[in-house]
Amino acid sequence: MKIFLSAFVLLALASSFASAFDPSPLQDFCVAIDDYRNGVFVNGKFCKDPKLARAEDFFFTGLNMPGNTNNPVGSNVTTVNVEQIPGLNTLGISAVRIDYAPFGQNPPHTHPRATEILIVLEGTLLVGFVTSNPDNKLFTKVLNMGDVFVFPIGLIHFQFNIGRINAVAFAGLSSQNPGVITIANAVFGSDPPIIPDFLARAFQLDVNVVKYLQSKFGHY
């Protein structure tokens, strides 16, 4: 009995030093099949022979160029992930440049596979994130040039240029393919559209308001 208890204590201590976090998925979902001959390789990408790697495989240029913010939300995100830099594959990191017109915004969204750290290079941003249910606590901060803010993995967050001049921020993300779910686009712009009566009840809105919102994203 003492040997069993000792082994149990040792196992418990060992597990306390082990990672308790699931491996980050590199795709939104993977439908399992029994016959591998009809499947595709989805967990990341195939790797080049290291002997054939070049400096260009780890290089990207263009983040010095402002993005076009002439759109309804007044912002532009220039992405640098594994699609732009093949050498990022398996390294668990990526970056973005975000340009904001005066009073432009990066609307509420989530990154399902990454934590984000944001650095303001120009302008003044109001940023924030909301914790999960049931608290839904809002954390906000006004950031100026040189300020840094972190958005925890999976939580809804946003940025808003509260200044009268353009703003620029760079961000690092803890995945080679962090993904992005913009809340309004996903809810009101899904394809096919979600039933308006359902959304009306979920958001406590008149069904005609829901249909109007869906029309802004190409429906009805």
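In this predicted model, five strands form an open sheet in the order β6-β5-β8-β3-β10, with antiparallel pairing; two strands count as paired if DSSP finds at least two bridges between them. β6 (138-143) and β10 (181-182) stand at the edges, and each has a single partner strand, so one side of each is left without a neighbour in the sheet. Strands of a sheet pair through backbone hydrogen bonds, either parallel or antiparallel. Strand β3 (105-110) pairs with β10 in the antiparallel sense over two bridges, and here H109 stands opposite T182 of β10. Three bridges join β3 to β8 (residues 156-161), again in antiparallel fashion, with Q105 placed opposite F160 of β8.

Residues are numbered from 1 along each chain as its sequence is written, and side-chain values use heavy atoms, with hydrogens and water left out. Because this is a predicted model, local features need pLDDT of at least 70 and side-chain atom pairs count only at pLDDT 80 or more, while totals for chains, interfaces and linings use all residues.

The protein chain holds four helices and 10 strands, where helices (H or I, at least four residues) and strands (E, at least two) are DSSP runs numbered from the N terminus. From the N terminus on, the elements run α-β-β-β-β-β-β-β-β-β-β-α-α-α. Of the 220 residues in the protein chain, 29% are buried; buried means under 20% relative accessible area, exposed over 50%, and partly exposed in between (1.4 Å probe, protein chains only). Contacts are counted for heavy atoms within 4.5 Å, and among those in the protein chain with a separation of 6 or more, 70% link residues 24 or more positions apart. The chain exposes about 14,900 Å², of which carbon and sulfur atoms supply 62%. These accessible areas come from the Shrake-Rupley method with a 1.4 Å probe; for residues, only the protein chains shown count as cover.

The largest pocket has a volume of about 690 Å³, and its lining comprises 31 residues, of which N106, P107, H109, V180 and T182 lie nearest its centre. The elements that give two or more residues to this lining are β1 (75-80), β2 (94-100), β3 (105-110) and α2 (183-188). β3 gives the most, with five residues. By class, the lining has 16 nonpolar, 13 polar and two charged residues; Ala, Val, Leu, Ile, Met, Phe, Trp, Tyr, Cys and Pro count as nonpolar, Asp, Glu, Lys and Arg as charged, and the others, Gly among them, as polar. For these terms, a 1 Å grid is laid over the protein atoms alone: a cavity is a set of points where a 1.4 Å probe fits but cannot get out, a pocket is an open set with protein on both sides within 12 Å along at least five of seven lines, and lining residues have an atom within 4 Å of a point. Grid points are joined across faces, edges and corners, and a volume is the space filled by probe spheres set on the points.

In strand β1 lies S75, which is buried, with a relative accessible area of 9%. Leaving aside residues up to four places away in sequence, S75 touches N68, T69, D99, Y100, Q105 and N106. S75 and D99 are 24 residues apart along the chain, yet their C-alpha atoms are separated by 5.4 Å.

Several loops carry backbone features worth a look. In the loop between β5 (125-130) and β6, where P134 is placed, the peptide bond from N133 to P134 is cis, with omega near 5°. N136 lies in the loop between β5 and β6 as well and has a positive phi of about 50° although it is not a glycine; N136 is partly exposed, at 41% relative accessible area. A cis peptide bond also leads from D191 to P192, with omega near 0°. D191 lies in the loop between α2 and α3 (196-203) and is exposed, with a relative accessible area of 74%. D191 and G218 are 27 residues apart in sequence and 9.6 Å apart in space, C-alpha to C-alpha. Finally, Q204, in the loop between α3 and α4 (207-215), has a positive phi of about 55° without being a glycine, and Q204 is exposed, with a relative accessible area of 67%.
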